[in-house]
Structures are given as structure tokens and as C-alpha cells.
Amino acid sequence: MTRPRHLVAVWNPDYAVDAMDAHVNLLIERARAHRDGRLTNEDDVHVWWGRIASPRRADPLPHLADVLELDDQIQDGVPTHLYLTDYRSLYVADLSEVTVDDVRARGADVPSYYRGLECDVWFGVWDIRRVVAHDTPAVIQELRKLHNTRYHDHPVSLYGGITELPLIVWREAEIDWFGDRSALTEGHLWAERDGELRGEVDRLSADLRDNLFGARIWRRMEPATRTFLASAEAVVRARRDDPAFDFTGAALGYAKALGTEANAVLRHFMSKAYADRNINQRMAHVDGRPLDLGAGIPHQTIGALRRLLLDEPLVRKGLQAVASRHEKHLTDPYKLPRQLERVQKVRNPAAHSEPVSRDEVLELRDEIMGIGQTGALLELARLKD
């Protein structure tokens with residue numbers, strides 16, 4: 001089976017100090033225009049990212065044909081990603097098209113800093129999601145999960161292998177970075193979700209990393225886990241002294257953080273246990289629906305996760321095969337399933353617009369983050385190899 005290919009590019013702040021913001025803001029504006037009816041075609045909710053041609057290079061990109069081949073993969077419906085970094089932060093874009101055509105000639109709306117610049121290739125982008133913010137060691141760690149096809153399939157090295165950009169890469173464990181969007185962002189783009197409270201979320205992310213979890217555990221957590229956790233914490237810290245405040249949003253954030261991390265752990269172990277098994281030997285059922293445990297489990301609700309851990313024999317069998325020392329924590333009704341049940345009791349009223357009190361959200365926060373106890377997220381992050 002051919003592995004999906006992806007791309008890695010670096011943006012140069014010499015061209016625009018706020019190059020990423022310029023693209024994200026344009027994408028967000030188009031999403032809002034579609035929602036309020038000013039933009040009728042949903043396919044127009046996209047932005048173009050150009051690979052700016054170096055003025056010192058006269059020849060075309062040596063691997064341009066290989067880069068353009070990824071458009072066939074995209075048109076075949078394979079999720080295809082463009083990883084974008086300035087060495088301090090890392091973003092991933094959901095690609096809609098790859099072309100050498102100058103999209104400006106089509107009348108495409110692109111950030112103004114492209115004016116007067118030539119581009120080797122243009123990438124159509126449906127959405128942009130932030131993976132790492134202001135943390136170069138974490139960028140290095142994330143990029144090492146990608147293998148450079150034009151450098152003997154070695155892991156991407158931020159300070160040793162960034163040549164022939166954009167890199168063409170693959171990863172051992174595929175991630176559809178945007179496949180869980182409908183479950184986690186209430187129908188909004190990840191670009192919009194990441195933009196909320198960005199400055200305060202960045203500050204709190206650094207504080208949680210440095211003063212609560214530690215860098216090693218923080219970087220083991222899923223990017224979405226970190227985002228939801230910091231967003232919820234921003235609300236709680238700002239309004240903790242207001243007992244009349246409705247903490248619904250914060251409760252949902254903490255619940256999503258736990259759900260995202262638990263999904264990632266289950267996906268990790270089931271892929272290890274069943275990826276090479278016959279499909280008939282790895283089919284589970286949740287809520288009456290078939291679920292292929294070996295093909296990268298899509299995001300499950302907290303209730304569905306709990307039922308899989310408690311009631312699905314194949315899950316227990318898979319954990320016994322690849323993670324026997326962790327099985328009790330994941331399947332014992334008094335451990336992770338109990339934590340999921342408690343989160344579900346708070347989350348469900350919140351999801352139906354019933355107010356969540358300060359005391360309820362603080363109790364949930366303490367259990368998930370580990371205030372005065374071993375936190376649920378710490379325990380889960382430790383399980384991942």
C-alpha cells in the first residue's frame with residue numbers, strides 16, 4: 001500500500017512579518033462571509049499559499065514534478081497536508097489543490113505581500129491548524145515524525161535536512177488533522193478556533209508547560225488537547241472570582257481535552273495491535289456501528305469511548321497484546337472509564353446550554369489537570385510511547 005505524501009515548507013519573515021496571520025485572517029474572513037451569506041459557495045472558503053521563488057535561482061525546482069503529483073492524491077480524496085514552520089511555531093494546512101498556475105491570474109484573493117513576487121507553485125488551503133506555538137524544541141519533535149522522501153526517508157531535521165523545499169514527506173502513523181473538526185469545533189474552521197484568545201492561550205500554554213506538566217509531558221499531549229486545555233484555563237483564571245458566571249465553555253474545553261487525549265491513546269494502541277490483521281479480525285462495534293480498530297479510529301464521543309473500553313472484547317484483547325501493563329488503567333471501571341463518566345455528566349448538561357457552576361468546573365479542572373491529585377491527562381500522556 002502506498003503511503004500518502006505530504007509537504008513541509010518554511011515561511012520567511014523577510015517577506016512579511018505576519019505572513020501566517022495574513023493567510024489565516026483571509027481564511028477566517030471568507031468563512032464568516034459564507035456563514036452570513038455574502039459568499040454563497042462553500043468551496044470559495046479557502047486561501048492560497050504560494051511557494052515564493054528565490055531570486056537567486058534561475059532553474060525550476062528540481063522536484064517540481066513530484067510536488068505536483070500530490071494534486072492527484074488530493075483529487076482522489078486522500079487527506080493531504082502542508083506543514084508550515086518559521087522554526088518557532090508549526091502549522092498544518094488542509095490542501096485542496098497544488099498547481100503551477102499563477103492563481104492571481106484567475107482573480108484569486110491572496111495576501112497583499114505577494115504583490116510583485118513570483119511563486120514556483122501555489123497550494124490551495126481549506127483550513128489551517130496550529131500544532132505548536134512558540135516552542136522550537138516541540139517543532140523539532142513534531143517534524144521528526146515526518147520522513148523526507150528525498151533524503152533517504154530520514155526523519156525531518158529542522159537544522160540539518162531542510163533543503164529542496166517544499167519537502168515531500170510521509171509519516172508512520174497517519175493523522176487526518178482535520179477529520180475531527182466537526183466533533184471538536186462546532187462546525188468552525190480550526191483557523192477560527194485557534195484564533196480565539198490566541199495571546200492569552202499562548203501565555204497559558206507556556207505556563208502550563210513550564211510550571212505544571214513539564215515540557216516532556218506537555219509535548220506528549222495532542223496539539224488539540226493542549227489548545228482546549230489552555231483555552232478553558234484562560235476562562236477559569238479570568239472569571240474564577242465570579243460565582244455567577246456561566247462556566248459552560250470552560251467545562252466543554254476541559255472535557256474536550258480529556259476526550260481528545262483518550263481518543264489518541266486508544267487509537268495508538270489499537271493501531272499497534274490490529275494494523276496488520278485481517279479486516280474481519282479487527283472490526284468492533286460501537287452504538288451499532290462497525291468500527292475498524294486497525295485503520296486509525298476516528299474521533300469518538302466520550303460516551304462511545306467509555307463503552308469501547310468497558311464492553312468491546314477486541315479492545316481488551318488488543319491492549320493485552322501490546323499494552324498489558326496499561327490495560328487496567330484503561331479498562332478498569334474505577335479508573336479511566338470512571339473519569340470519562342464524571343466528565344460526561346458535566347459535559348452533557350453543558351452541551352445542552354444548562355449553566356455550569358464555578359464549583360462544578362473547578363472540580364472537573366482539578367481532576368483533569370491534577371490540582372492536588374494525579375491528573376487524568378498526566379496519566380494518559382504517560383501511556384504513549
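Which residues is Asp-120 in contact with, leaving aside its neighbours within four places in sequence? In this predicted model, where contact means heavy atoms within 4.5 Å, Asp-120 is in contact with Arg-51, Ile-52, Ala-53, Arg-57, Leu-61, Leu-64 and Val-100, its neighbours within four places in sequence being left aside. Asp-120 lies in strand S5, and at 15% relative accessibility it counts as buried; buried means under 20% relative accessible area, exposed over 50%, and partly exposed in between, with a 1.4 Å probe and protein chains only. Helices (H or I, at least four residues) and strands (E, at least two) are DSSP runs, numbered from the N terminus.

Because the model is predicted, local features need pLDDT of at least 70 and side-chain atom pairs count only at pLDDT 80 or more, while totals for chains, interfaces and linings use all residues. Residues are numbered from 1 along each chain as its sequence is written, and side-chain values use heavy atoms, with hydrogens and water left out.

**Salt bridges**

The structure holds 30 salt bridges, a salt bridge being a side-chain nitrogen of Lys or Arg within 4 Å of a carboxyl oxygen of Asp or Glu.

| Pair | N to O distance |
|---|---|
| Arg-38 and Asp-36 | 3.0 Å |
| Arg-129 and Asp-180 | 3.6 Å |
| Glu-367 and Arg-342 | 2.5 Å |

Glu-367 forms a salt bridge with Arg-342. Glu-367 belongs to helix H14 (residues 358-369) and Arg-342 to helix H13 (residues 336-351), and the pair therefore ties together parts that are 25 residues apart in sequence. Glu-367 counts as buried at 15% relative accessibility, while Arg-342 is partly exposed, with a relative accessible area of 35%. Elsewhere, salt bridges that share partners join Asp-207, Glu-233, Arg-237, Arg-365 and Asp-366 into one network.

Helix H8 (residues 223-239) has 17 residues and reaches 25 Å from its first C-alpha to its last, close to the 24 Å expected at 1.5 Å a residue, where the expected span is 1.5 Å times one less than the number of residues. Of the 17 residues of H8, 13 are buried, so this helix is largely enclosed by the rest of the structure.

A nonpolar core is a set of buried Ala, Val, Leu, Ile, Met, Phe, Trp, Tyr and Cys residues joined through side-chain atoms within 4.5 Å. The largest such core has 75 residues, of which Phe-213, Leu-229, Tyr-254, Met-270, Leu-293, Leu-330 and Val-361 touch the most other members. Helix H9 (residues 248-274) gives this core its largest share, 13 residues. Not counting residues up to four places away in sequence, Met-270 touches Ala-275, Leu-293, Gly-294, Ile-297, Leu-314, Val-315, Gly-318 and Leu-319.

**The largest pocket**

The largest pocket has a volume of about 1800 Å³, the volume being the space filled by probe spheres set on grid points that are joined across faces, edges and corners. On a 1 Å grid over the protein atoms alone, a pocket is an open set of points where a 1.4 Å probe fits, with protein on both sides within 12 Å along at least five of seven lines, and lining residues have an atom within 4 Å of a point. Of the 47 residues that line the largest pocket, the closest to its centre are Ala-173, Glu-174, Ile-175, Arg-267 and Ser-271. The largest share of this lining, seven residues, comes from H9.

**Backbone features**

Most residues other than glycine have a negative phi, and most peptide bonds are trans. A cis peptide bond joins Leu-165 and Pro-166, with omega about -5°, and Pro-166 lies in the loop between strand S7 (154-155) and S8. His-134, although not a glycine, has a positive phi of about 55°; His-134 is partly exposed, with a relative accessible area of 45%.
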